[in-house]
Amino acid sequence: MMAIKSLKILIRMTFPDDSVVRLHDGAGPFVDENGDFWQGAMLTEGLDEIEHAMNGEAATLLLGISSVSTDASGLAFEELENNNVIDGKVQFLLQELDQWDQPIGVPEIKFTGTIDNMPMADVASETSITSSITLEITNRFSLRKLTSGAVLSDVDQRARSRFLNPAAWALGQFDRFCERIPGLSDKTIRWPRFA
């Protein structure tokens, strides 16, 4: 068993037409154990937000990525021009590395979200053009962050249920969880005694 010496953050963006952009926080290309190439990029903002997202503490995520390769930024720009960005899937993965920065095992998915917006910018200098992408990402808990400051309500729960399980709604099988919970406050729960 090889000792883990460092970790690498991997970002996989899968657009609705199934095209994929793979980025890693670092320079140059990175090849994982499956033979997939990950282009090097620099995370310019959002490191704290990434940590919160990986720990399940963030409902939304604003991530800045700079120094994106021309291939990756070109594909992202093409997807943006074709209106093929919204609802794309973004995954953050952690890859364990050995002392020679070689991958150990498969990367572990730590966060999955949906692209809500993807503004892009290019900055030109005398020697090069630097592309940057800002990802605005939401996840399944984004409904919990309401402007009123309230928690997930009965209406919000039904809306989320309808989105996640449209087949049940078509059959008239509605999510009634938030309606049933208040009725349990008057019930007595008896736990079994194991002697």
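Guide: A nonpolar core is a set of buried Ala, Val, Leu, Ile, Met, Phe, Trp, Tyr and Cys residues joined through side-chain atoms within 4.5 Å. Buried means under 20% relative accessible area, exposed over 50%, and partly exposed in between, with a 1.4 Å probe and protein chains only. This is a predicted model: local features need pLDDT of at least 70, side-chain atom pairs count only at pLDDT 80 or more, and totals for chains, interfaces and linings use all residues. Residues are numbered from 1 along each chain as its sequence is written, and side-chain values use heavy atoms, with hydrogens and water left out.

Start with the core. The largest one has 27 residues. Those with the most contacts inside it are Ile11, Leu23, Ile65, Phe92 and Leu135. Strand β5 (residues 60-68) gives the largest share of this core, four residues. Strands (E, at least two residues) and helices (H or I, at least four) are DSSP runs, numbered from the N terminus. A second, separate core has five residues, including Leu10, Phe30, Trp38 and Leu97.

Now take Ile11. Contact means heavy atoms within 4.5 Å. Setting aside neighbours within four places in sequence, Ile11 touches Val21, Arg22, Leu23, Trp38, Leu43, Leu63, Ile65, Val90, Gln91 and Phe92.

Next, helix α2, residues 70-81. Its buried residues are Ala72, Ser73, Ala76 and Glu79. The buried residues of α2 pack against β2 (20-25), β5, β8 (120-124) and β9 (129-138). The face turned away from the buried side carries exposed Thr70, Asp71 and Glu81.

Check the length of α2. The expected span is 1.5 Å times one less than the number of residues. For the 12 residues of α2 that should be 16 Å, and the end C-alpha atoms are 16 Å apart, which agrees. Just after α2, Asn83 takes a positive phi of about 55 degrees.

Step back to the whole protein. Its secondary structure comes to five helices and nine strands. Of its 195 residues, 32% count as buried. Among contacts between residues at least 6 apart in sequence, 55% join residues at least 24 apart.
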